[in-house]
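Here is a short briefing on the structure shown below.

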Amino acid sequence: MSDRSFLSSLRYLFADFIGEEDDTPPFLPEGLPEAVTAVASDAIHLLIEYQSTDYAQLYVDRLRRFVGRNGVDDAMLVEIARLMAVRMSYQDPIRIAQLKMAERDEASGTPAGSVDIRKFRVDELVSALPAVIAEYLIDALEWAGWAHKRISVRFSTASRVGIRRLKMEAGLKRWRRYSVRYSKERQWVERWLHMISRSLVKQPKAAGEIVQTATMIESYGDVYRQGMADWNAIIDGLAKPTFDGVLALPDLGAAVAEARTAALPDPRQVALKRKIAEIRARVPASGSSAAAG
């Protein structure tokens, strides 16, 4: 890394910590269809609240890749815009604290607060910390056998102490982009968008189904981990081999939809793996080499 790049990185790092950031909302991409404008506008405001204007700009830059692209109609672009905003505002303890504070603000006339208790794995909580700290902690927790231990976390507006704690937790959003979880989510979104792009080139009719695979990943805890594991199994087992020319699936969209119906809340993924193997077995062996061209 050059000295200029290093200094630039430090400038953005400390600007984020002390709040020196351009608060001007990013402009919508040029040529954005009217049907997508409302969805994208809401997403920009959501992501500014969730993280920052820079984060909302990342959303706009990602969306711009698909504006006016061959094979992407208004309906598909609406879904890309909507689902990308959902995934970029993923639920971590910081987000849950933000939402709890927003709930309190909306119910300001109600004297009594409320308490939500959420269960997280220890490594899930640690992954919300900056990577420079979290990676060492996760290694230590794995060594001790505590990483997968579940603990209950209170999110409360029923007392001053609870509200003060929520404010502190919500304020940690400035650290989010340096966390282990942020890095993983950024990689996932980029891979999802890449798979959509490849589908538009290799199997355009399947692109809509690839877009919808984002709905497999939601929430937090076990639900989130199961969805992520199932998504990777389908992409690695069906979509990527098809795009690479290794698997000659004539209708990738139907195959992905069929596999998704077999995804059950099973950490071992028995039914899903069986279904993927069944779909792959239908492809004639001689067809794979033909697809490679």
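Asp-92 is buried, with a relative accessible area of 3%; buried means under 20% relative accessible area, exposed over 50%, and partly exposed in between (1.4 Å probe, protein chains only). This is a predicted model, in which local features need pLDDT of at least 70, side-chain atom pairs count only at pLDDT 80 or more, and totals for chains, interfaces and linings use all residues. Residues are numbered from 1 along each chain as its sequence is written, and side-chain values use heavy atoms, with hydrogens and water left out.

**The loop residue Asp-92**

- Asp-92 sits in the loop between helix H4 (74-88) and helix H5 (93-106). Helices are DSSP runs of H or I with at least four residues, numbered from the N terminus.
- A polar atom of the Asp-92 side chain lies 2.7 Å from the backbone nitrogen of Arg-95. A polar contact is a pair of N or O atoms within 3.5 Å; within protein, one must be able to donate a hydrogen and the other to accept it, and residues adjacent in sequence count only if both atoms are side-chain atoms.
- Leaving aside neighbours within four places in sequence, Asp-92 is in contact with Tyr-50, Arg-176 and Arg-181. Contact means heavy atoms within 4.5 Å.

**Salt bridges**

- The whole structure holds 25 salt bridges. Each is a side-chain nitrogen of Lys or Arg within 4 Å of a carboxyl oxygen of Asp or Glu.
- Arg-181 forms one of them with Glu-185, at 3.0 Å from N to O. Both residues are buried. They are four residues apart in helix H10, so about one helical turn separates them.
- An α-helix has 3.6 residues a turn, so residues three or four places apart point the same way.
- Arg-62 and Glu-190 also meet through their side chains in a salt bridge, at 2.9 Å from N to O. Arg-62 lies in helix H3 (residues 53-64) and Glu-190 in helix H10 (residues 180-202), so the pair ties together parts that are 128 residues apart in sequence.
- Arg-62 is buried, at 2% relative accessible area, whereas Glu-190 is partly exposed, at 27%.
- A network of salt bridges links Lys-100, Glu-103, Asp-116 and Arg-118. Asp-116 and Arg-118 meet at 3.8 Å, N to O. Asp-116 is partly exposed, with 24% relative accessibility.

**Helix H7**

- H7 (residues 131-144) has 14 residues, which should span 20 Å at 1.5 Å a residue; its end C-alpha atoms are 19 Å apart, which agrees. The expected span is 1.5 Å times one less than the number of residues.
- Ala-134, Ile-138 and Leu-141 are buried in H7. The buried residues of H7 fall within an arc of 65° seen down its axis, so they line one face of the helix. That arc is taken from the directions from the helix axis to the C-beta atoms.
- Helix H6 (122-126) and H10 are included in what covers these buried residues.
- The face turned away from the buried side carries the exposed residues Val-132, Tyr-136, Asp-139 and Trp-143.
- Gly-145 follows H7, with a positive phi near 80°.

**Helix H12**

- H12 (residues 221-243) has 23 residues and reaches 31 Å from its first C-alpha to its last, close to the 33 Å expected.
- A kink of about 40° in H12 is centred on Ile-235. The bend at a residue is the angle between axes fitted to the seven residues ending there and the seven starting there.

Key. Helices (H or I, at least four residues) and strands (E, at least two) are DSSP runs, numbered from the N terminus.
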